[in-house]
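Colleague: I'm new to this one. Can you take me through it and back up the words you use?

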Amino acid sequence: ASKDDKVRRFKVEMVPSGEYGQVMVNVAATAARGGAVDVRVSLSAAAGVDIEVLNIAGRHVATICRDRQCEGGVTVLSWNGLSHRGTRLPAGRYLMRATARAEDGQQASGIAALQMFR
């Protein structure tokens with residue numbers, strides 16, 4: 001080491017989850033015959049969650065929940081496969097979009113594909 005080298009020190013500080021942390025969301029959906037769907041949402045921290053169903057062209061066809069308060073971890077929701085008009089969605093491929101909003105204003109979204117069977 002040369003005489004121009006300086007000693008540098010730094011401090012790593014850990015804070016509890018949710019405090020200054022980034023909210024992250026992951027969504028997965030499993031369809032069963034007859035139209036029932038289990039939707040699993042994984043959150044890194046507590047947040048209000050919106051879950052919507054889009055057709056493969058990206059158009060909104062159903063809302064599973066709006067501003068549902070969920071804790072960090074995995075939340076499982078059931079959906080009956082009905083559109084926002086109350087009709088059964090036909091078999092085919094859909095997208096599930098989950099958007100999570102934390103109290104501090106952070107927002108994150110996750111998208112998963114879903115194959116509906118009839």
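Predicted model: local features only at pLDDT ≥ 70, side-chain atom pairs only at ≥ 80, totals over all residues.

Colleague: Which residues touch the most other members of the largest nonpolar core?

Modeller: I51, V53 and W79 do, out of 29 residues in that core. At least two residues come from each of β1 (25-31), β2 (37-43), β3 (47-55), β4 (60-70), β5, β6 and β7 (107-116). The biggest share, five residues, is from β4.

Colleague: Why is S83 called buried?

Modeller: Because buried means under 20% relative accessible area, and S83 has 12%. You'll find S83 in the loop between β5 (73-79) and β6 (92-101). Its contacts, not counting residues up to four places away in sequence, are V61, A62 and L89.

Colleague: How do you know that S83 makes a polar contact with R85?

Modeller: A polar atom of the S83 side chain lies 3.1 Å from the backbone nitrogen of R85, and the cut-off is 3.5 Å.

Colleague: What makes β2 and β5 a pair?

Modeller: Pairing takes at least two bridges; β2 and β5 have seven, in the antiparallel sense. The open sheet runs β1-β2-β5, with β1 and β5 as edge strands, since each pairs on one side only.

Terms used. Residues numbered from 1 in each chain as written. Heavy atoms only, no water. Helix = DSSP H or I, 4+ residues; strand = E, 2+ residues; numbered from the N terminus. Buried < 20%, exposed > 50% of the residue type's maximum accessible area, 1.4 Å probe, protein only. Polar contact = N/O pair within 3.5 Å; in protein donor to acceptor, adjacent residues only side chain to side chain. Contact = heavy atoms within 4.5 Å. Core = buried A, V, L, I, M, F, W, Y, C linked by side-chain atoms within 4.5 Å.
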